[in-house]
Amino acid sequence: MAAGLRALREEMADLDFIAGLSSGDGGLGRRLYAQLRARLILIETLLRRLLVLMAASIEVSVKMPVIPEAAKPLSGTSANQIAPSQPPSAPSHPKHPRKRGFPYLPRLRERTPPGSDLFALLSAEHSGPRPAFRSKTPLAHRYCTIMGVLRRPERAARRMAFTLARLRAAGAPRPLCLTPLNLKRASEEISLIAATLPERVARALVGWYDTG
């Protein structure tokens with residue numbers, strides 16, 4: 001694990017040397033932007049899996065939320081019969097949105113369902129010339145977030161341990177870990193780490209319920 005973290009730090013230093021991602025000033029060409037974004041996503045994926053291996057050796061205990069007696073439905077009644085008459089109030093949103101944090105679980109992308117105005121939307125997006133440069137601020141934010149985890153991996157591993165413990169206590173199936181496919185521009189060491197991590201993660205989570 002120490003060698004894997006060291007390799008990720010070297011990869012991040014290489015990205016900072018290429019595009020100066022430690023600061024969000026300036027712009028990048030669209031092709032370079034896409035290449036750097038793909039490499040950051042790969043580093044984030046490998047770092048998450050290394051944290052899983054570190055978390056496997058940390059013992060934590062979590063307590064499932066206890067439903068109070070007053071909130072439990074009586075026998076012979078349904079949830080619709082005891083539902084409150086007033087609609088629930090909308091959750092309050094903070095005035096200033098929080099910055100992107102490190103995702104301890106991979107985020108699933110939501111696809112927009114096709115509708116009648118889908119082609120009109122696509123034509124509107126591609127009607128004008130696309131800008132040649134993109135701001136590197138989003139990449140800089142992702143870079144700084146990953147570097148914050150790499151500076152204190154033990155702290156992040158403990159948070160990962162609590163995340164995994166809550167999922168396991170809730171009866172969730174074992175997390176699926178596959179070999180990343182986008183290894184085109186990865187170094188030899190990074191490619192080797194990416195190829196060996198799925199098997200090591202599967203062994204670390206061998207006690208989980210698996211649907212088979």
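## Starting inside: helix α4

Let's begin with helix α4, whose buried residues are L139, A140, R142, Y143, T145, I146, M147, V149 and L150. Here "buried" means under 20% relative accessible area, "exposed" means over 50%, and partly exposed lies in between (1.4 Å probe, protein chains only). Those buried residues of α4 pack against α1, β1, α2 and α5; contact means heavy atoms within 4.5 Å.

How far apart are the end C-alpha atoms of α4? They are 21 Å apart, which agrees with the 21 Å that its 15 residues should span at 1.5 Å a residue. The expected span of a helix is 1.5 Å times one less than its number of residues.

## What you are looking at

This is a predicted model, in which local features need pLDDT of at least 70 and side-chain atom pairs count only at pLDDT 80 or more, while totals for chains, interfaces and linings use all residues. Residues are numbered from 1 along each chain as its sequence is written, and side-chain values use heavy atoms, with hydrogens and water left out.

The protein chain has 6 helices and 2 strands, and reading along the sequence gives the pattern α-β-α-α-β-α-α-α. Helices (H or I, at least four residues) and strands (E, at least two) are DSSP runs, numbered from the N terminus. Of the 212 residues of the protein chain, 28% count as buried. The accessible surface of the protein chain comes to about 15,400 Å², and 56% of that belongs to carbon and sulfur atoms; such areas come from the Shrake-Rupley method with a 1.4 Å probe, and for residues only the protein chains shown count as cover. Among contacts in the protein chain with a separation of 6 or more, 90% come from residues 24 or more positions apart.

Helix α1 covers residues 2–19.

Which residues of α1 are buried? They are G4, L5, A7, L8, E11, M12, L15 and A19. Seen down the axis of α1, these buried residues fall within an arc of 160°, so they line one face of the helix; the arc is that of the directions from the helix axis to the C-beta atoms. As background, an α-helix has 3.6 residues a turn, so residues three or four places apart point the same way. On the other side of α1, A2 and F17 are exposed. The cover over the buried residues of α1 includes β1 (27–29), α2 (30–55), α4 (137–151), α5 (153–169) and α6 (188–204). Just after α1, G20 takes a positive phi of about 60°.

## Residues to find on α1

G4 sits in helix α1 and is buried, with a relative accessible area of 8%. Leaving aside neighbours within four places in sequence, G4 is in contact with L50 and I193. The C-alpha atoms of G4 and I190 are separated by 8.1 Å, although these residues are 186 apart along the chain.

E11 is also a residue of helix α1, and its relative accessible area of 9% makes it buried. Not counting residues up to four places away in sequence, E11 touches R39, I43, S187 and I190.

R39 belongs to helix α2 and is buried, with a relative accessible area of 16%. Setting aside neighbours within four places in sequence, R39 is in contact with E11, D14, L15 and I18.

P153 lies in helix α5 and counts as buried at 4% relative accessibility. It touches L5, R9, L51 and M54, not counting residues up to four places away in sequence.

## Rings to look for

The structure holds 1 aromatic pair. F102 and Y104 form this edge-to-face pair, at 5.5 Å centre to centre with 80° between the planes. Rings of Phe, Tyr and Trp (its six-membered ring) pair if their centres lie within 6.5 Å; planes under 30 degrees apart count as stacked, over 60 as edge-to-face and the rest as tilted. Both F102 and Y104 are buried.

Another ring to find is Y33: R134 lies over its face, at 4.1 Å from the ring centre. A charge sits over a ring if NZ of Lys or CZ of Arg is within 6 Å of the ring centre and within 35 degrees of the ring normal.
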